[in-house]
Amino acid sequence: MLSACSEDDEGSDVLLFIGKEYVSLKVGQEAIYQIDSILYNEFSGRINVVSLQQREYISRTEMDAENRETFIVEIHTRAADSLPWHLNRITKRNLTGYRYEVLDNNVISVPLVFPIVIDKKWNANVLNTLITKEYKYKSVNEVFINDSMRYDSTVSVLQFEEENLIEKLYEKETYAADVGLIFREHNEIETEFNGDIRSGFKSEMKLISIK
């Protein structure tokens, strides 16, 4: 929260930090992500590494049933940067004064809500019929360095975290100001009592270019 008030200018307007700049929606915008996953096979004991790239291209806008401007985002994927892109699916995104909405695979979720405040919690499934999924802001306006890329103002969203003697579950996303989503981590691991990984996966998705 940022305030413009002081004892000397009582009654002046309070400037509220909203945080909408952490969402970037512009027609023609293209963001490319590298996705690397480690898969643990319980039956074979093998560990497989799977990599692919994902391209998010904002192709146009349209008005939805509530007469709101909706951004149409094409999701393309490829197994390597030397291969052509293939259209995977179409998503839709809305930015309102209260939240950021994403329609993907016919399910609408709420990745961000406004204003952004540290430790604020909300139900990401409030607009669908799935069970409640509580998200929480873990950090706001922090520097984030990912390989050679530095972001001076980011917000991180803890989507899920649970750990016990045989499970480690973790989901988190990081957004940068004037850029949007820059990093996603998703781990679902089953372990032995001694901590050795038995099955599951670890996945990271990071932004490698945007224009």
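Residues are numbered from 1 along each chain as its sequence is written, and side-chain values use heavy atoms, with hydrogens and water left out. Because the model is predicted, local features need a pLDDT of at least 70 and side-chain atom pairs count only at pLDDT 80 or more, whereas totals for chains, interfaces and linings use all residues. The pLDDT, the predictor's confidence in each residue on a scale from 0 to 100, averages 90 over the protein, and 92% of the residues score at least 70. Over residues 1-14 pLDDT stays under 50, and the model has 14 contacts (heavy atoms within 4.5 Å) beyond four places in sequence for this segment.

Helices (H or I, at least four residues) and strands (E, at least two) are DSSP runs numbered from the N terminus. Strand E5 (residues 99-104) pairs with E6 in the antiparallel sense over five bridges; strands pair if DSSP finds at least two bridges between them. Arg99 has Val113 in E6 as its bridge partner. Two residues separate E5 and E6 in a hairpin, and Asn105 in the turn has a positive phi of about 55°.

The loop between strand E6 (107-113) and strand E7 (121-123) contains Pro115, and the peptide bond from Phe114 to Pro115 is cis, with omega near -5°. Asp119 lies in the loop between E6 and E7 and, although not a glycine, has a positive phi of about 75°. Its relative accessible area is 44%, so Asp119 is partly exposed (buried is under 20%, exposed over 50% and partly exposed in between, with a 1.4 Å probe and protein chains only). A positive phi, near 60°, is also found at Asn141, in strand E8 (residues 134-146). Most residues other than glycine have a negative phi, and most peptide bonds are trans.

Thr174, in strand E10 (residues 167-176), is buried, with a relative accessible area of 2%. Beyond its neighbours within four places in sequence, Thr174 contacts residues including Phe144, Thr154, Val155, Leu181 and Phe183.

The largest pocket holds about 1,000 Å³ of space. Of its 49 lining residues, Arg89, Val102, Asp104, Glu173 and Arg184 are the closest to the centre. A pocket is an open set of points on a 1 Å grid over the protein atoms alone, with protein on both sides within 12 Å along at least five of seven lines, and lining residues have an atom within 4 Å of a point.

How values were computed
1 Å grid on protein atoms, 1.4 Å probe; cavity = no way out; pocket = protein on both sides within 12 Å on 5 of 7 lines; lining within 4 Å. Points joined across faces, edges and corners; volume = space filled by probe spheres on them.
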